[in-house]
Structure formats: C-alpha cells, structure tokens
Amino acid sequence: MTTLTTRSVPVHLEEDASLQPLPWRRMAWVTWRQHRAALVGLAVLLGALAVYLWLQGRQMHHAYGIAIACHPASSGACVNAINYFQSTYNITARQLTPLLLQAVPALIGAFLGAPMLARELETGTFRYAWTQGFGRWRWTIAKLVSLAVVAAAAAELFSLLFSW
Amino acid sequence: MNVIEARSLGKHYGSTWALRECSLAIPAGHVAALVGPNGSGKTTLLSLAAGLAVPSVVGVTVLGGRPPGSPVALDGIAFVAQDTPLYKNLSVVDMLHLTRNLNRRFDQASAQARLAELGIPLKRKAGKLSGGQQAQLALTLALARRPRLLVLDEPMAMLDPLARHDFMATVMAAMADDGVSVVLSSHVLAELERVADYLVLLSRGRVQVAGEVEDLLAGHRLLTGPAGEAERYSERLSVVHASRGGTQAHLLVRQNGTDGLVPPGWEAHPVGLEELTLAYLREPGAAALPGPARGRDAEHSEVTT
C-alpha cells in the first residue's frame, strides 16, 4: 500500500509567479456573447424611445412656440393656445417622464443585471465559469464593471433624451 | 506529486458535517475513483479541490501543495461538474470560443476534431444536444485546456451504457496521450472497474478506503466455506463483510501480513473491485487506509451529523 504523503511538497513559487493573469479584453467577447440579447434589446428600447421623444418634442416645441409667440397674451386665441399646450403635454411631462425614468432603470436591472449572477447560480453554470483559468474574481469584476458601464451609459442617454 | 491532498479537512453546511477529519493523498498519474453512498461527501470534496467551496476546517491542497482556486490551480485543473453545466443558449462553437477566451491554453484543433468524430454539430445550441453529447462536449472543453488534472463529478450519471463507454474511452485516451491525472466520482461501479487504478471510498464524510486498486485487490480475498464454521473463523480473520447463501458462507477478508492461511474445507477467491467496494459500502465501520490516516480515522468512526 502506498503511504500517505505527510511532508509538504515545495510549492513552485517561481512558476506560480510567472503565470500572468489573462488580459481583461478576453472578457469583452465573453460578456458580449452572453448578454448580447439583453444589450441589443436595450439599444432597441433606447432607439424607439428616442424616436418617440423626438417626435413628441418637436410637436411640443411647436405648440410651445405658438403659445409663447402669441400677442397679445390675453387674447382669446392665445389663451386657447396656452390651454392647448398645457392640456396636451401636461400628462406627458408630469406623469410619463417620471414613470419612464423610474421604469427604465428597473428594466435594465431586470434584463441585464439580474441574469448576470443569478442565472449562473440558478443553472449551475457558475461551476463552469468559476473553474476556468480566467479566475472567478476577475470574471465577476469584468462582468459587473462592463455591464455597469453599459447600464450607466444607457441611463445617461435616457436623461439626455428627456432634458433636451 | 499529489494531485489532491487533504489533511484533517472539514466542511459543514449549517450543523451538518459534509466532510470531517478527512485525510487523503491522491498521487498523480492515476485514474482515481471516488466512491461512496449519497451524502458521503464526494461532491463536497471535489468542490473544495476545485476551489468552488471554502473549507470550514482548512486542509486541502492541489497539484503538489497549491491552494485550490489559486491561478496555477485554476490553470491546471479542468473541472467538469455534476450534470455538466453548459450555457444552454450558446452554440457548440460559441462554447469552444468562450472556453478558449477564458483559458491560457486551448487546443481548438483537437477539440473540433473530437467533436467531428462524435458527430456533434458545431452550430447546434448546447441545450439542444442529448445528455450524452452534452457530457462529451463538457469533457472535450475540459481536455482542450490541456489540464494536468481532470476532475469529473458524477460524469456518467446521465449517460446510457454506450455513452458511458465512449465517455470513459475519451478519458482513457487523454490519460494515455497527455498524461493527465484523473479524479472522478461515480456510482457506476462496473464502469470504474475497467478504468480506475486508484480507489478512494468515502463514508459519512470520512475516508474509509484509499489505495491503489492493484494493492487493494491483492490485499483482500473472498473465502467460501460451510456456514456453520463462519463464526469461528470470523474472530481470527479480519472480515470486512460476511454473507450467507444457504449452507455456504462468504467472507470478504483483508489479509494482514502472514495470516493468509485458508481454513481447511474453505476456498479462497480473488476479489474484484466492485465486490470489494460493495463489501466496504455495506460495512461503514470497516476501514482500509494507508499509513497514518488509519488510526486517526478509526477513532472517529462514529460520525454525528
């Protein structure tokens, strides 16, 4: 029978130290490939919203322009124009905007953030991902950071769309 | 070099110990089989070695003394987890590309050749492959990393007999071609008999049997004789497991040094790995361990869970 090895085997420190970590850019493809559906969805959502807001905004500017440019301001036609502007866009500006601003980050979180780690844990694929040479911490950091940057950029774009 | 070495390793989930006072050393260059009943700690031990779990009581190293989960360990160990997790929505070729991106070495050519040989279409989604094909894909990805140690957790659970045979043929070829060490846990004893040359038997979170298969088989025999005399000889021999069939008794005994005598009227037969394993599985109190681990583990043969 073999005897249990009780001495500690010398760790090959030199070999271990010479092992360079894998470059971060390797994770770019990985992240894109795994989350491209959500990323494309996000881009489409942003695009559709941008078109909608642009059209709305043009009309809104037009109506606002009429209402402001109207002289004298107390004339019946001008009151009508102002009323028209307020009644038409009050709902859009006061209610729709906050709703969208609140819903969109939640949607980004649901479609981009949640699957990132939760799905790995749920389906057991973390046992694949975290035993590859890239390393689990670097894997997690790379994904969190890149997706956080995308989500932040998307949120920034949204606020730009609303505020112009 | 020991590919996996544990010294008084412990892991508990809540108040339940999955592994306790577990000591073993699996040398390189073997196909080591890790067997044991459900809940004996096989998956826990492999997860600890792969660095997926953190031990409660520290004491495990891999690849010659390195901590599990360290860069060199991750680089040198390919782990195929239970149920072979793959990204089901990715195609086979994407899984190849993914694994190549996540590792220093990746033998794309041999992986593709292997998949072509198995008739696994590159464009198909991993989730649409059969269970056997998924297992083969996971194994192909693991081997393409050119690991020093291949760890397989219940790789054959989902496979039919033919797929099992093919799967193990791939493992054995890799062992022969690249000298990769293999540690696999399995319930399929018949399949292990063909491939394993090192056995570790876990029972209730401890190592019950450990050693080279050749030595273990040489160290045990099956004695067959009249049932009436079984009691008398049981005291003198170290019987692992006794069974009766009609008037005949079968004693699976461990030979300690010179007491290899066969009682008059009894017959001695060599044992097979499956027979030996089953005997120990039926007798969790019995132990066959090399060197220092034996005494220490024997003291704690009662495990409180």
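Chain A comes to five helices and zero strands. Helices here are DSSP runs of H or I with at least four residues, strands are runs of E with at least two, and both are numbered from the N terminus. From the N terminus on, chain A reads α-α-α-α-α.

Some housekeeping. This is a predicted model, where local features need pLDDT of at least 70, side-chain atom pairs count only at pLDDT 80 or more, and totals for chains, interfaces and linings use all residues. Residues are numbered from 1 along each chain as its sequence is written, while chains are lettered from A and ligands numbered from 1 in the order in which they are written.

Back to chain A. How much of it is buried? Of its 164 residues, 13% are buried. Buried means that 20 or more other C-beta atoms lie within 10 Å of the residue's own; exposed means 12 or fewer; partly exposed is in between; C-beta atoms are placed from the backbone.

Now contacts. Two residues are in contact if their C-beta atoms, placed from the backbone, lie within 7 Å. Take the contacts in chain A with a separation of 6 or more: residues 24 or more positions apart account for 72% of them.

One residue to look at in chain A is A:F111. Find it in helix α3, residues 76–123. Set aside its neighbours within four places in sequence, and A:F111 is in contact with A:A38 and A:G41. Compare A:S74. A:S74 and A:F111 are 37 residues apart along the chain, and their C-alpha atoms are separated by 51 Å.

On to chain B. It has 11 helices and 13 strands. Of its 305 residues, 48% count as buried. Its C-alpha trace spans about 65 × 40 × 30 Å along the principal axes.

Start with helix α1 of chain B, residues 42–50. It is mostly covered, with eight of its nine residues buried. Among the buried ones are B:L45, B:L46 and B:L48, and also B:K42. After α1(B) comes B:G51, with a positive phi near 80°.

Next, helix packing. Two packed helices are described by the angle between their axes and the distance between the axes. Axes are lines fitted to C-alpha atoms, for helices over the stretch in contact, and angles run from 0 to 180 degrees between N-to-C directions.

First pair, within chain B. Helix α3 (residues 92–101) packs on helix α5 (residues 131–144) at about 30°, with axes 10 Å apart. So α3(B) and α5(B) are roughly parallel. The cut-offs: under 35 degrees is roughly parallel, over 145 roughly antiparallel, 65 to 115 roughly perpendicular, and the rest oblique. The crossing of α3(B) and α5(B) is right-handed. Right-handed means the near helix is turned clockwise from the far one by less than a right angle, left-handed anticlockwise. B:V92, B:M95 and B:T99 of α3(B) meet B:L137, B:L141 and B:A144 of α5(B). By class, that is five nonpolar, one polar and no charged residues. Ala, Val, Leu, Ile, Met, Phe, Trp, Tyr, Cys and Pro count as nonpolar; Asp, Glu, Lys and Arg as charged; the others, Gly among them, as polar.

Second pair, between chains. Helix α2 of chain A (residues 26–69) packs on α3(B) at about 150°, with axes 9 Å apart. Those two helices are therefore roughly antiparallel. This crossing is left-handed. From α2(A) come A:R26, A:W29, A:V30 and A:R33; from α3(B) come B:D94, B:L98 and B:N101. The classes here are three nonpolar, one polar and three charged.

Last topic, phi. Most residues other than glycine have a negative phi. B:L63 is not a glycine, yet its phi is positive, about 50°. Where is B:L63? In the loop between β4 (60–62) and α2 (71–76) of chain B. B:L63 is buried, with 27 other C-beta atoms within 10 Å.

B:R204 is not a glycine either, and has a positive phi of about 50°. Its loop runs between β8 (198–203) and β9 (206–212) of chain B. B:R204 is buried, with 21 other C-beta atoms within 10 Å.
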